[in-house]
Amino acid sequence: MKIVSLNAWGGAVFEVLDTWLRAIDPDVLCLQEVTRTPGLGGWTHFSDGERSLPQRANLLDDVCAALPQHQTVFLASDAGPVADAEGASHRQDFGIAMFIRDTFAIVGHSSAFVHGEYTEHTQWAIEDRPRVAHAARVVDRNGDRTLTIAHLHGLRDPAGKADTPARQAQAKRLRTLVADASVPGDFVAVCGDMNLLPDSETFDILGELGLVDLVGDAD
């Protein structure tokens, strides 16, 4: 079973992303920084006062088109203004999505905000934006097993990726979500863009569930 996790950057390099996704054809794709603007396609422009970036108006629909044989779950962490090519403003949802091949049965979903709560921004914030995590239980009929797969986009802090009380609280909430979502005997995978350093206490906290860090200090 091929599980892939990626921060999609709002689709800023969408042409490359689209080609890559079609080539790797994952069984489960966990995407962070997914955009959704109802009724709008193509490109938009995002700004938070620190960064100014191109983004896909509806990366969720774009990826659904690339992976038509997948079931989709999208969760918004927050929403705010973006501008289209003519400069008109639109409300864009921003969050995470999981795409699960339709030959796998989804037997459970769990989600929780691990930092803050859903927010409607009048202007995108530079820091302290809310973060939501999602876990799905999936039956892999070919492998005759059930998996719990969880992912998140971890808290971003302009000061860096070192441990903070907020990141410790985030890790404990994530641990609770995974523990509650999974059943003894499940294969459990936790992934995402965690915005952490390799020695973060987050990995010790998740290790209390029996999880093992597979990334270490790799880039």
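Trainee: What covers the buried residues of α2?

Mentor: The cover includes α1, β2 (28–36), β4 (52–56), β5 (70–83) and β6 (89–101). This is a predicted model: local features need pLDDT of at least 70, side-chain atom pairs count only at pLDDT 80 or more, and totals for chains, interfaces and linings use all residues. Residues are numbered from 1 along each chain as its sequence is written, and side-chain values use heavy atoms, leaving out hydrogens and water.

Trainee: Which residues of α2 are called buried?

Mentor: L59, L60, D62, V63 and A66. Buried means under 20% relative accessible area; exposed means over 50%, and partly exposed lies in between (1.4 Å probe, protein chains only). Helices are DSSP runs of H or I, at least four residues; strands are runs of E, at least two; both are numbered from the N terminus.

Trainee: How do you know where they lie on the helix?

Mentor: Look down the axis of α2. The buried residues fall within an arc of 160°, so they line one face. The arc is taken from directions between the helix axis and the C-beta atoms.

Trainee: Which residues of α1 are buried?

Mentor: F14, L17, D18, L21 and I24. Their arc is only 145°, which puts them on the same side of α1. The face turned away carries the exposed residues E15, V16, T19 and A23. The buried residues of α1 pack against β1 (3–7), β2, β3 (43–47), β4 and α2.

Trainee: How do the axes of α1 and α2 meet?

Mentor: The axes of α1 (residues 14–24) and α2 (residues 59–66) come within 9 Å and cross at roughly 35°. Axes are lines fitted to C-alpha atoms over the stretch in contact, with angles from 0 to 180 degrees between N-to-C directions. F14, L17, D18, L21 and R22 of α1 make the contact with L59, D62, V63, A65 and A66 of α2. Contact means heavy atoms within 4.5 Å.

Trainee: What makes up the largest nonpolar core?

Mentor: The core has 17 residues, of which L29, L31, V34, L59, V63 and F99 touch the most other members. A nonpolar core is a set of buried Ala, Val, Leu, Ile, Met, Phe, Trp, Tyr and Cys residues joined through side-chain atoms within 4.5 Å. α1, β2, α2 and β6 each supply at least two residues of this core.

Trainee: What is V63 in contact with?

Mentor: Leaving aside neighbours within four places in sequence, V63 is in contact with L21, L29, L31 and F99.
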